[in-house]
Structures are given as structure tokens and as C-alpha cells.
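Work through the exercises below with the model open. Try each task before reading its solution.

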Amino acid sequence: MKEHGDYIVDRSNQVILLGARGPWNDETMRRGSRKFNDHMMELMAGQPWAQFSCLFGESLMPPSTFTHFVEHTKIRKEKGLSTLAIVIKDSDIKATIKNQLSEAYNQADIEHAFFDDFGEARNWLVSHGFVLPINEMNNFVQRCQFAVNSIYY
């Protein structure tokens, strides 16, 4: 089956950066999880880490993909994921996306918050003790080629 969805993954200090445009299917979730895990292995072992997610468009998952997403999120929690900041842009269904993601993050018991602005999300992570330089955040958001019409911090 052909992949649906697009993403890029990077890392800054103890923060994994995820930029994605959905919807996603199982194939995209599997490939993305492998790529995400590569960055997770670069983190300082035994130290908590955070995730900065920039979601564009209609970033939803069908039920089978959602099940995989919850499983992978629980594993990430076991590996030290403690805090997650999510920004949703260019979407007509933000409330639906928030509901689906909140359900997954609540099942995995991960502290998370949604923001309309990249800078607010970054500041929230910083307030939780994580380092994410503004220039690295901006460079990452700009690299999200599927985010051409988004306004950057």
C-alpha cells in the first residue's frame, strides 16, 4: 500500500523535533517510527527528553494507525519522553486532531499541550527545563517543506 502523509524528524539537545502533514496511514507510521527511533537513540541515555511537534493540514490517523501510534508512544515514554508540545497549522479540524492526539497521549500518560504559535510551544518546553534554541526551532520549521504557507516565530 502507498504511504499517506509526510514528515521530517530532527533533534536538538534533548528535544526531538517532528514536522508532519497528515493524514497518515500504517505504512507512513511504520517508516516514521523507525526514523524517529534513530533520533531517539542519539539522546542522552537515562535523561528525560521532550518532543516538539509541528503538525500541518488534516493530521489524523485511521484506527489501525492510531493503535500503532499509542503503542509507540508508550515505548517512547518508557525511553524517557516526558513532555510534548504540539502546534497545529493549516487545518480546518484542529479540535478533532487535538482530541485524537490527547487520547493517545493520555493513554501513554505523557504531559502534553497544544499551541497556536511555535514560540509559545518552545517557551513551554523551556519552562519544563529543556533547551531548544530559537534559531534551531526556526530552521526546523522552515525545513518543513509542506509548511510553505505557515507563519514562523
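**Exercise 1. The cavity**

Which element gives the largest share of the lining of the largest cavity? The model is predicted, and the solution goes in steps.

Step 1. Count the cavities. There is one cavity of 30 Å³ or more.

Step 2. Size it. The largest cavity holds about 280 Å³ of space.

Step 3. Find the centre. The lining has 20 residues, and Leu18, Trp24, Met29, Phe69 and Arg76 are the closest to the centre of the cavity.

Step 4. List the contributing elements. Two or more lining residues come from each of β1 (6-12), β2, α1 (26-40), β3, α2 (63-78), β4 and α3 (94-107).

Step 5. Pick the top contributor. α1 supplies the largest share, five residues.

Step 6. Sort the lining by class. It has 13 nonpolar, six polar and one charged residues.

**Exercise 2. Helix α4**

Step 1. Place the helix. α4 covers residues 118-127.

Step 2. Check the start. Here a side-chain oxygen of Asp117 comes to within 2.8 Å of the backbone nitrogen of Gly119.

Step 3. Pick out the buried residues. They are Phe118, Gly119, Ala121, Arg122, Trp124 and Leu125.

Step 4. Look past the end. Gly129 follows α4, and its phi is positive, near 95°.

Methods:
Residues are numbered from 1 along each chain as its sequence is written. This is a predicted model: local features need pLDDT of at least 70, side-chain atom pairs count only at pLDDT 80 or more; totals for chains, interfaces and linings use all residues. Side-chain values use heavy atoms; hydrogens and water are left out. Buried means under 20% relative accessible area, exposed over 50%, partly exposed in between (1.4 Å probe, protein chains only). Helices (H or I, at least four residues) and strands (E, at least two) are DSSP runs, numbered from the N terminus. A polar contact is a pair of N or O atoms within 3.5 Å; within protein, one must be able to donate a hydrogen and the other to accept it, and residues adjacent in sequence count only if both atoms are side-chain atoms. On a 1 Å grid over the protein atoms alone, a cavity is a set of points where a 1.4 Å probe fits but cannot get out, and a pocket is an open set with protein on both sides within 12 Å along at least five of seven lines; lining residues have an atom within 4 Å of a point. Grid points are joined across faces, edges and corners, and a volume is the space filled by probe spheres set on the points. Ala, Val, Leu, Ile, Met, Phe, Trp, Tyr, Cys and Pro count as nonpolar, Asp, Glu, Lys and Arg as charged, and the others, Gly among them, as polar.
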